[in-house]
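This report goes through one structure for a reader new to it. Please look at the sequence and the model before reading on.

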Amino acid sequence: SSNEHKLNFKKSKEACLSYIQDALLQKQWKRAAEFLTCYVESLEKDYSREHIGPSEMIWRIGTEILWRHSQSRMKEFNCFMEQMKTLGVKRYLKVCLEHVFHLLCNGQIDEAYQNLSLAESWRFGEQTAIRDKEIKLIQAYRGLLDYCSWSKQKKILLEHGEDGFADLAVEQEMHSYFRKAAVNLKEIIKIPGIWDVFVKCYVDLLEFYGEHNEARQVLNEYAYNSKFPANPNAHVYLYQFLKRQGESKKSLISALKILHDIVPSHELMIDFNTMLQKSKKRKKCQLGLEVIFAALDYAGWKENAKAWSCLARQVKQIVITEKHLDWIQQEWNSRKDWWPDFHFSHYLAKRNWQENKSLSHEKALVAGILLGKDCKYFKYVSHQGCKARLKRFRMLKKFVTRHNPVYLRISG
Amino acid sequence: MEFPAALFPSYFTAGPPREEGGPALVAGWGEHGQVLEAGPGRRQAQPAFVPRRGVTGERWEAAEAAAVPVLLPSAGCWIPSPAPEDILYRSSLCRKLQAGKSGATLDFAKQLGHFFVDHPEDAFGSLGRLLHKNFYLGNAKLKRPARNSTIRMTALVEDIDRLEARRGCPRQHLASRLRWFSHLCRDWLFEVPLGLLADCLHEELAQQWSSLLFDDSLTGGALAWLPSEDGKTPVGRLVHPGGQAMNHLYFQDVVLEELPHARGSPAQFELSGRIRQVAAGHVDGQDFVGVRSDYHCGVWRVPGKTGAAPAPLQVIRTDVPASCLTVSPHLPGELSVCTQSGTVYLWSVETGLQQLRHDPQTMFFRDHSPWRWSDFTAHPRVLSCADRTGLQCLDARAPKRCHFDLFKVGEEAGCQQGERVVLPMYLGRAHPSQYLVTTQFSMYVLDERLPLVPVLKWAHMMKAPPLFAHLMPGKPGRSHKVLLGASCTQELLLLQYWDSFWGVSTGGSQSACQLSGTPQKLHSIAECLQHLPTQLPHRQHLLQQRLSAPAAGLAATLQEDGPRKSMLIFQLSEAGDVFCQRLIHKASQPPAPPSRDEATTAPGSSPLFEAPASSPHGLGTAALRYRRWLRAFSRAWREPPRHTWPPSLSQRRLFTCRDLEGPAGPSSLQKQMRQWLRQTMQEGGRIQRWEPLALRPPPLPQTLELAGGPDPLSNRLTAAWAGDWDQWWEERTSFSMVQRQRALRERRRRQKRAQGHRSLSASFTSSLTYQSELSELSDVGPSLLSPSRPPSLSQEGSPPAGSPPVRSHPPSPAPDEALLSSQSLRCRGIPKERRKTLRDYLSVWAEGPPEPPELPGSQASQLCFPSSQSQLSSASQPRRKRPRMGF
């Protein structure tokens with residue numbers, strides 16, 4: 001009969017849980033809370049072997065209810081969290097971390113910091129991989145908060161410094177924050193992962209104290225270590241750092257070239273293109289054309305007027321000089337079967353004309369050169385432009401008609 | 001679109017999933033995930049943080065208490081797909097299903113038996129013909145010379161029946177006769193080699209069972225909503241399958257008012273296969289609709305103008321069932337197709353098919369599922385390919401060389417053990433480089449610029465894997481909405497997410513993806529059952545079966561009418577029903593303490609038909625819509641499908657209309673009778689003679705009554721009256737052997753009849769269910785009596801000319817035999833001890849001349865009721881037995 005009792009208990013537990021779930025999914029927080037008070041009984045005889053035990057369930061459900069319930073207060077929430085920490089010792093660090101997140105989102109930075117310190121010193125049972133990760137995260141967030149305090153002190157110091165008044169105590173405090181933050185941040189960014197926030201803070205610290213080499217090393221590691229995911233931000237941070245350092249064009253270009261290889265649709269590609277267009281080397285100019293064509297392949301760039309003007313400028317330049325028409329031809333070859341439908345349809349001509357005249361101007365120029373003066377897009381836009389008596393559209397028409405032979409050479 | 005300036009922190013480890021898995025009911029609650037500092041370099045004294053999950057979202061509330069039907073049910077009836085009971089061995093059903101193990105015992109023998117019974121010609125055709133002389137199907141014992149070459153099959157059939165009855169009994173022994181028979185003819189009896197047949201059947205059964213556990217052919221859903229080009233008139237087009245076999249494609253114009261309703265008749269196309277998926281894409285102001293059935297895929301173009309007819313463009317045929325069809329959001333007339341053989345094609349209406357990949361193996365680790373999926377990405381020439389283990393992107397211009405991994409079931413995305421990709425979807429309308437991937441446990445949002453690491457992950461806690469998803473992109477500064485739908489549980493979940501959270505307000509850069517608000521459960525089709533008026537039990541059952549049919553598709557649209565924003569969600573069921581629900585956006589009010597939805601949607605209450613809380617007009621229309629739908633539903637079911645109902649004869653053939661026509665109203669005699677009956681019942685007395693003597697024409701009844709009487713004087717008088725007194729005398733004085741025998745037999749019969757009378761009258765007086773019994777017995781009545789004529793006028797052997805021949809005396813034995821067989825009596829629920837009584841009673845009626853005085857007038861009129869008529873028709877027809885052994 002004890003087996004039967006076990007079975008019944010399990011059944012009623014499951015039923016109760018499904019009621020709670022139902023209430024939560026329908027945003028009936030009060031009802032869910034009432035059921036949860038019954039569910040607490042399930043802790044008494046916990047026979048379950050599932051990977052989420054009743055204590056974790058209670059923590060999750062209770063937290064959700066307390067977040068959403070209109071009458072819950074921070075004090076009650078903290079109280080509940082403390083209870084949960086003792087209840088689910090196995091998931092202590094996880095509960096702590098979530099508690100800290102909640103405090104941070106509610107602006108209670110100091111309480112969050114205290115909680116982080118407490119959690120860091122907690123020891124229980126054996127060391128597992130998950131717990132190791134959690135403790136590292138806790139330290140990292142503590143480092144982040146130390147960094148926040150550091151930058152606050154820095155701001156005070158700088159403001160007062162302008163007044164010619166330097167406070168030694170503030171400076172010392174700032175240094176101690178720096179040391180605490182640097183130690184923790186340095187640890188986490190060694191482990192493969194996405195640590196954008198931590199890396200940015202750490203590099204900021206290092207740069208402030210003039211340790212540029214270490215900063216560069218950190219950023220290089222973050223961007224180029226193959227164990228890390230291919231995070232575009234890593235390359236962006238490196239590029240920004242190099243720019244701040246006033247590095248040579250060459251190193252900037254090589255940094256962006258790698259970014260271009262992994263994310264051809266990154267918004268920095270416009271900067272990259274302008275940089276390359278200005279270059280006197282032929283190879284770089286050609287790369288610039290490649291970059292802007294590749295960016296415009298992506299749906300997100302379809303209506304980017306800036307990118308289209310970059311392309312139009314470069315294409316125009318090439319057509320006027322009549323040099324390197326083969327570059328255009330090369331790029332166009334792999335695109336001529338789908339760009340006309342993708343960019344230069346009659347429907348888009350109409351819409352672009354209505355929504356953004358300058359975009360349609362740039363696009364019409366490119367279309368006129370790539371597809372000839374008889375292409376739908378160019379015809380529609382130039383016709384509308386001339387009808388509206390806009391000077392630049394008349395110039396555009398003249399330009400394209402004059403250079404129509406180019407189209408024949410490109411497509412031929 | 002800019003890349004977020006900072007992403008939420010996360011670990012990254014490569015390798016197989018480490019976390020132990022399992023469906024967890026509450027895994028999605030109470031977690032912020034991670035936090036991110038909101039905007040560096042802010043002026044505020046304190047840094048502000050935002051969570052990955054947990055910010056408040058928009059409030060959407062259901063306008064109705066349940067989903068409302070959009071279209072009337074189609075005229076043809078729906079054939080439900082097989083249930084576990086049909087496939088599984090009976091005793092193992094409950095146990096195995098509870099345990100949730102896939103090692104269920106399939107009821108192989110039953111299915112094979114079905115095959116033999118349903119296709120006897122295919123199973124034993126030629127040998128059956130050869131042997132039919134040697135198999136005897138009668139009940140009688142076989143005589144000596146025949147016994148040498150003939151066996152009696154009825155005995156075998158009885159044995160089989162007995163075996164069937166003892167099924168599951170632990171002390172079950174095979175009947176020796178059966179064993180002997182099967183040993184004897186197992187090798188040569190069957191037309192198809194038994195081993196081969198069994199192999200095929202087993203394979204089919206296993207496939208049916210696995211598709212019952214999880215049917216991935218529906219992935220993507222077979223419902224699409226095409227919004228109209230000019231957003232002012234709230235019109236759109238619903239593309240859905242229909243018809244008995246779901247092989248008709250409908251394009252139905254729908255007007256979105258308080259409740260969406262169909263306008264005009266739909267454009268209809270008949271296809272040659274069951275429609276599994278309907279996919280739509282909007283390019284250059286026109287819609288392209290791709291339709292996938294198992295071996296065919298087709299594409300239609302629907303011009304943007306309302307009212308323009310859809311035009312079919314192209315059809316392709318595949319040798320292996322197709323598992324995916326998606327329509328390009330970038331280029332007109334471009335689609336991607338996957339087949340179960342692991343081939344991915346880019347299909348362009350202009351240039352035809354281009355094979356991008358052919359690999360029967362899965363990508364990242366071995367998985368047995370042949371399911372493949374493919375979709376478009378931000379780059380029109382780059383397609384994603386998916387199987388259960390993950391997603392890869394490949395460039396259509398150089399598919400062999402250029403590809404990268406977008407998502408892997410593994411530690412990279414923090415997957416659990418046993419997790420598999422269920423549905424990938426390109427979220428291009430919300431964000432050009434984002435992707436949705438659902439598994440049976442979680443939903444992931446991926447950014448193709450940051451492959452392998454999900455920018456958002458959340459455990460969706462749905463009971464069944466989400467096979468359908470629908471995206472409703474939010475305008476800048478508002479959240480995107482994603483609907484997830486499951487098939488067999490009909491679950492619907494509404495989620496909201498942001499792809500940028502402070503970018504808009506501060507003009508700063510984009511930020512990481514964030515889940516906002518709490519997930520919200522929406523009404524399922526089956527839930528409306530509790531709000532509907534109660535039906536007759538069998539109809540309630542049909543209704544329940546119909547409404548809880550697995551979902552087959554999902555579509556939704558956002559409607560903005562000035563400040564009023566609403567969301568319409570359509571759900572398609574496998575039965576072809578389209579239901580719809582409206583959610584209304586509650587502008588950022590402070591959440592009122594006693595939330596209204598808690599009050600109205602509490603279990604047990606049924607506000608659909610009475611509570612007009614939010615929509616004063618909606619209530620009436622919803623109720624009306626239900627009523628209309630129910631009416632059409634019951635009309636569709638009135639003509640039952642042949643194969644599920646017992647065979648019955650149409651009463652129209654048995655009786656002409658005139659026969660069935662009752663008298664215009666109850667005659668005065670009937671009225672009187674009824675009154676009398678009522679009075680007697682009130683008094684608790686009994687009626688021995690049915691009519692007051694005053695009403696009877698004296699001579700006739702006497703004759704009839706006396707016909708059964710043993711009195712010789714009466715006989716003589718009757719004979720004298722009839723004019724053949726001579727003959728009577730002859731009979732009296734004759735001493736011939738034959739005549740004496742006849743007389744003896746006559747006497748015996750009379751005695752019997754007298755007994756019958758006695759016991760019958762006893763049962764009449766003792767039983768209160770007399771009237772109902774009588775109406776059951778009335779089966780015989782009409783054969784004696786033309787219901788159109790009052791009983792007192794019924795004369796034996798003299799039907800008036802012009803009236804249909806009335807079977808009177810003696811009635812043909814066929815119906816009586818059928819009636820009197822103990823089987824048919826058992827069928828009608830008559831207890832065993834009563835059967836003999838009844839048989840006697842009926843035999844009296846059948847043999848003797850009719851006794852009109854015994855027939856109440858009210859009963860005669862009762863015969864006109866269709867209910868008793870149908871009883872008659874089913875009863876008077878001998879039950880047809882199916883051939884058991886195929887002979």
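## Interface of chains B and A

In this predicted model, chain B and chain A bury about 6400 Å² between them, 59% of it on carbon and sulfur atoms. Buried area is the accessible area (1.4 Å probe) that two parts lose on being put together, summed over both.

Contact (heavy atoms within 4.5 Å) links 78 residues of chain B with 75 residues of chain A. Four salt bridges cross the interface, a salt bridge being a side-chain nitrogen of Lys or Arg within 4 Å of a carboxyl oxygen of Asp or Glu. Lys521(B) and Asp22(A) form a salt bridge at 2.6 Å, N to O.

## Nonpolar core

A nonpolar core is a set of buried (under 20% relative accessible area, 1.4 Å probe, protein chains only) Ala, Val, Leu, Ile, Met, Phe, Trp, Tyr and Cys residues joined through side-chain atoms within 4.5 Å. The largest has 222 residues, and Trp195(A), Phe198(A), Leu311(A) and Phe407(B) touch the most other members. Beyond four places in sequence, the contacts of Phe407(B) include Phe364(B), Leu391(B) and Tyr444(B).

## Chain B overall

Of the 887 residues of chain B, 48% count as buried.

## Basis

Residues are numbered from 1 along each chain as its sequence is written, and chains are lettered from A in the order in which they are written. Local features need pLDDT of at least 70, side-chain atom pairs count only at pLDDT 80 or more, totals for chains, interfaces and linings use all residues, and side-chain values use heavy atoms, leaving out hydrogens and water.

Terms used. Buried means under 20% relative accessible area, exposed over 50%, partly exposed in between (1.4 Å probe, protein chains only).
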